[in-house]
Amino acid sequence: MAVITSVEVFMVMLEPKVRREDAIQAFVCQETPFVRITDSDGAQGLGYSYTIGTGGPAVLSLLEKTLAPALLGKDADAIEQRWRELLFLTHATSVGAITSLALATIDTALWDLRCKRSNQPLWIAAGGAQSRIPLYNTEGGWLNLSTSELVENALECQANGFAATKMKVGLSIKDDMSRLRAVREAVGDNFEIFTDANQAFRVDEAIRRAHHYEELDIGWLEEPLPADDLQGHIRLSQQTSVPIAVGESIYSALHFREYLQQNACSVVQVDVARIGGITPWLKVAHLAECFNIAVCPHFLMELHVSLCAAVPNARWLEYIPQLDTLTHQPMQVENGYGLPPSSPGLGIDWDLHALERHTMPGSYQRLTR
């Protein structure tokens, strides 16, 4: 048995390549906590999570002071046991974003370590259900873009082999419909258009807007309501033909169970960082499979491409490139599809020198047995 002998914790700061605004916020920076785990055989796993600009220091503190010390001397391969122990250790702060993000940083490192030791890529070790995943592009659909820019970006996606784009909504109904209609007329009927409200609406507004969106055959309405408004999502789902997508702001597998049991959504967008890692992500994906519901995860395409390939019910992968400055090679894209990497581990080709350059001063800590 190879036990954990050291845990390194640090945080990298990344700025978005483009201006990103939605109905409630601007994505100004990505705080990216990292954990590197080394076992007694010298094998290493590198994992990470993210924020969109706030909370990173709290995640880092939880890792340094509570979670990382609890890993030392433990079996690195018993991932489920490690995840359960750490969840119980933080039971006073669970369920919640800070704890989930910290757990995910460790859990992804443990999976990276396991897959490297077994010489398997993550997508094979976790299931191996699909060899490629269709992409939809979010980078061309931000709320701060003009209608002409939205049309231009959608047409460029289409020309590059993408079969779908996502547009942010949250302006007036008239303005949203004008923007959506312009894109629909440009790309035609065989190109999917998804919409994302980022939890901006109340129930009455969401119902009104969904009825308008039906005219344009919208692929889904994402996060129309606050994520904890289960009853509101039930009401909305009952009153529109537009599929309702939820998940990026849900932090527990049990909460996904409630949404699925009560027919409150039609698309599951579970986020590997916000659910607490690969271990619970796979449980949510298979839970959705049992309800015959598609998984279309939020963000983190470089990691989600392998998880989508691992399960049979993953339908779309969100294209938002974010790690290019930290890797030697970007995620492989071919004719509008994301291809899971074949290298052992998470398959992300980290540039270790770039990680070091972008590490926040004073954030690096190394704990040993």
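Okay, quick one on secondary structure first: helices here are DSSP runs of H or I with at least four residues, strands are runs of E with at least two, and both are numbered from the N terminus. What we're looking at is a predicted model, where local features need pLDDT of at least 70, side-chain atom pairs count only at pLDDT 80 or more, and totals for chains, interfaces and linings use all residues. Residues are numbered from 1 along each chain as its sequence is written, and side-chain values use heavy atoms, with hydrogens and water left out.

So, let's start with the annotated stretch. An unreviewed UniProt entry puts the feature "domain: Mandelate racemase/muconate lactonizing enzyme C-terminal" at residues 147-243. UniProt positions are in the numbering used here, feature names are shortened, and annotations may be inferred rather than shown by experiment. In the model, that span is 51% helix and 13% strand, and its end C-alpha atoms sit 24 Å apart.

Now the helix pair I'd like you to look at. Two packed helices are described by the angle between their axes and the distance between the axes. For helix 7 (residues 203-214) and helix 8 (residues 230-238), those are about 25° and 10 Å. The axes are lines fitted to C-alpha atoms, for helices over the stretch in contact, and angles run from 0 to 180 degrees between N-to-C directions. Angles under 35 degrees count as roughly parallel, over 145 as roughly antiparallel, 65 to 115 as roughly perpendicular and the rest as oblique. Helix 7 and helix 8 are therefore roughly parallel to each other.

Which residues meet there? From helix 7 you have V203, A206, I207 and A210, and from helix 8 they meet G232, R235 and L236, with contact meaning heavy atoms within 4.5 Å. An α-helix has 3.6 residues a turn, so residues three or four places apart point the same way.

And what's buried on helix 8? That would be L230, G232, H233, I234, L236 and S237. Buried means under 20% relative accessible area, exposed over 50%, partly exposed in between, using a 1.4 Å probe and protein chains only. The cover over those buried residues includes helix 7, strand 8 (244-246) and helix 9 (253-261).

S94 and V95 are joined by a cis peptide bond, omega about 0°, and V95 is in the loop between helix 2 (79-89) and helix 3 (97-118). Then N198, not a glycine, has a positive phi of about 55°. N198 lies in the loop between strand 6 (192-196) and helix 7, and counts as buried at 4% relative accessibility. D217 isn't a glycine either, and has a positive phi of about 55°. D217 is in the loop between helix 7 and strand 7 (220-222), but D217 is exposed, at 53% relative accessible area. D217 and V242 are 25 residues apart in sequence, yet 7.6 Å apart in space, C-alpha to C-alpha.

Last thing: cysteines. How many disulfides? If you take a pair of cysteine sulfur atoms within 2.5 Å, the count is 0. For C157, the nearest cysteine sulfur is that of C296, 16 Å away. For C296, the nearest is that of C308, at 7.5 Å. C157 is buried at 6% relative accessible area, and C296 is buried at 0%.
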